[in-house]
Every structure is written in structure tokens, then in C-alpha cells.
Amino acid sequence: MKVIFLDIDGVLNSAQFCAEIKDKRLTMQKIEREIDKKPLLMLKRIVNETGARIVVTSSMRKEPTFKDFKEYVSHEGIRIHDVTLDFGDSGMHRGEEIREWIQKHKEELEEYVILDDDTFEDFGEELMAHLVQPSMWTTRGLEQNHADQAITLLGKIKEPIRYIKIGGSTNE
């Protein structure tokens, strides 16, 4: 199993997005004010091209709006597989939370990538090597170059084997 450890703020939204929707905020549902469809399409591309599953690391996983988030992305064709455990302190233990999930699923885990606009002291070299880091302030969250980097780290889905006939028989 390939996994995307997903933060939400700064990955699926940005300061630019918030500025663009400023005048429309009152007419939008709360979850629409938090998720920019452009980065969401990049996330969908990563999932489609790699077959990766999404594990949410964002502090949003602890909020009542998380149910709305899951429903919203589901309508966009993205399924949330799991969430990391919450070790408290507003994400200050995000590296530990990710490591705990990896340890618990090590038998089935093939590869992983971390999509997060922040780095945490407990990430260490191992997790940093798997980090793809959009910026909330200088990009529009998850962009094509980030998606390309994540796909490279995870590896694309292999093409199905095509059988050809050799001398009248099927090569299986």
C-alpha cells in the first residue's frame, strides 16, 4: 500500500485562495471556504496515478468539520483511508504520529509521501526525505510541481501486463 500523509491547511488551501474568496465567503458553505479545488485536483491526480491511499495528519481531523471535509472530497472522487493518532500539542508531535502509523502498518506499507506546508522538530531525516512541501504563502497550496514530486516518490501504478500471441498460443 502506498500512502499520502495529508495536512490540509497550506496544502489544499493558501493565503491567495483566501484572498480570492474574501467577498464570496458569506455565500459559501464552510468547507468550501477551506478547500481550494485546484490543489484538490492535484491531490486527485496523485491518487489516480499512484494508487496511494490518504491518511490525514491535519489538526482538522479532530474538528467537527472533518466529517464535512471527508464528504466534500468524496464528491470529488477522493476517499480518506485513515487518520493518524492525536498526540496533542497542535501538531507538535506530527512526526511521532506519522511514525506510529507507519510502525502499525509496516507489513502492508510500500511507500509514502508527506504533504505538509510545515516541518516539525520531530520529523528527522527519515521523514524529511519523504516530505513534499507546498507553501501557504508563496504558492497556491499543492501545485503541479508538488504533485510531480509526490508521484516520483510514490511511483506510478504499473501498467497491466499485456499478453501477446506467439505462434498461435497466448503467452501467459
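Q: Why does Arg61 count as buried?
A: Happy to start there: the relative accessibility of Arg61 is 12%, and buried means under 20% relative accessible area, with exposed over 50% and partly exposed in between (1.4 Å probe, protein chains only). Arg61 therefore counts as buried. Please keep in mind that this is a predicted model, where local features need pLDDT of at least 70 and side-chain atom pairs count only at pLDDT 80 or more, while totals for chains, interfaces and linings use all residues. Residues are numbered from 1 along each chain as its sequence is written, and side-chain values use heavy atoms, with hydrogens and water left out.

Q: Where is Arg61 found?
A: Arg61 sits in the loop between strand E2 (53-56) and helix H3 (66-75). Helices (H or I, at least four residues) and strands (E, at least two) are DSSP runs numbered from the N terminus.

Q: What makes the pairing of the Arg61 and Glu97 side chains a polar contact?
A: A polar contact is a pair of N or O atoms within 3.5 Å; within protein, one must be able to donate a hydrogen and the other to accept it, and residues adjacent in sequence count only if both atoms are side-chain atoms. The two side chains make such a contact at 3.1 Å. A polar atom of the Arg61 side chain also lies 2.6 Å from the backbone oxygen of Thr57.

Q: Which residues is Arg61 in contact with, leaving aside neighbours within four places in sequence?
A: Contact means heavy atoms within 4.5 Å. With those neighbours set aside, the partners of Arg61 are Val56, Phe66, Val83, Thr84, Leu85, Asp86 and Glu97.

Q: What makes the meeting of Arg94 and Asp7 a salt bridge?
A: The rule asks for a side-chain nitrogen of Lys or Arg within 4 Å of a carboxyl oxygen of Asp or Glu. Arg94 and Asp7 meet at 3.4 Å, N to O, in a salt bridge. The pair links distant parts of the chain, with Arg94 in helix H4 (residues 94-104) and Asp7 in the loop between strand E1 (2-6) and helix H1 (15-20), 87 residues apart. Arg94 counts as buried at 5% relative accessibility, and Asp7 is buried with a relative accessible area of 5%.

Q: How many salt bridges does this rule give?
A: The count comes to ten. One of them joins Asp36 and Arg140 at 2.5 Å, N to O. Asp36 lies in the loop between H1 and helix H2 (37-50) and Arg140 in the loop between strand E5 (131-132) and helix H6 (144-154), so this pair ties together parts 104 residues apart in sequence. Asp36 counts as buried at 3% relative accessibility, and Arg140 is buried with a relative accessible area of 11%.

Q: Why does Asp148 count as partly exposed?
A: Its relative accessibility is 31%, so Asp148 counts as partly exposed. Arg45, at 21%, counts as partly exposed too. Asp148 and Arg45 form a salt bridge, with their closest N and O atoms 2.6 Å apart. Both belong to a network of salt bridges that links Arg45, Glu49, Asp148 and Lys156.

Q: Which residues of H3 are buried?
A: They are Phe66, Phe69, Tyr72 and Val73. Seen down the axis of H3, these residues fall within an arc of 120°, so they line one face of the helix; the arc is that of the directions from the helix axis to the C-beta atoms. Lys67 and His75 are exposed on the face turned away from the buried side. The buried residues of H3 pack against E1, H2, E2 and strand E3 (80-83).

Q: Which members of the largest nonpolar core touch the most other members?
A: A nonpolar core is a set of buried Ala, Val, Leu, Ile, Met, Phe, Trp, Tyr and Cys residues joined through side-chain atoms within 4.5 Å. Of the 29 residues in the largest one, Ile4, Leu43, Phe69 and Leu115 touch the most other members. H2 gives the most to this core, with five residues.

Q: Why is one side of E3 and of E5 left without a neighbour in the sheet?
A: The open sheet of five strands has the order E3-E2-E1-E4-E5, with parallel pairing. Two strands pair if DSSP finds at least two bridges between them. E3 and E5 stand at the edges with a single partner strand each, so one side of each has no neighbour in the sheet. Further in, four bridges join the parallel strands E1 and E2, and Ile4 stands opposite Ile54 in E2.
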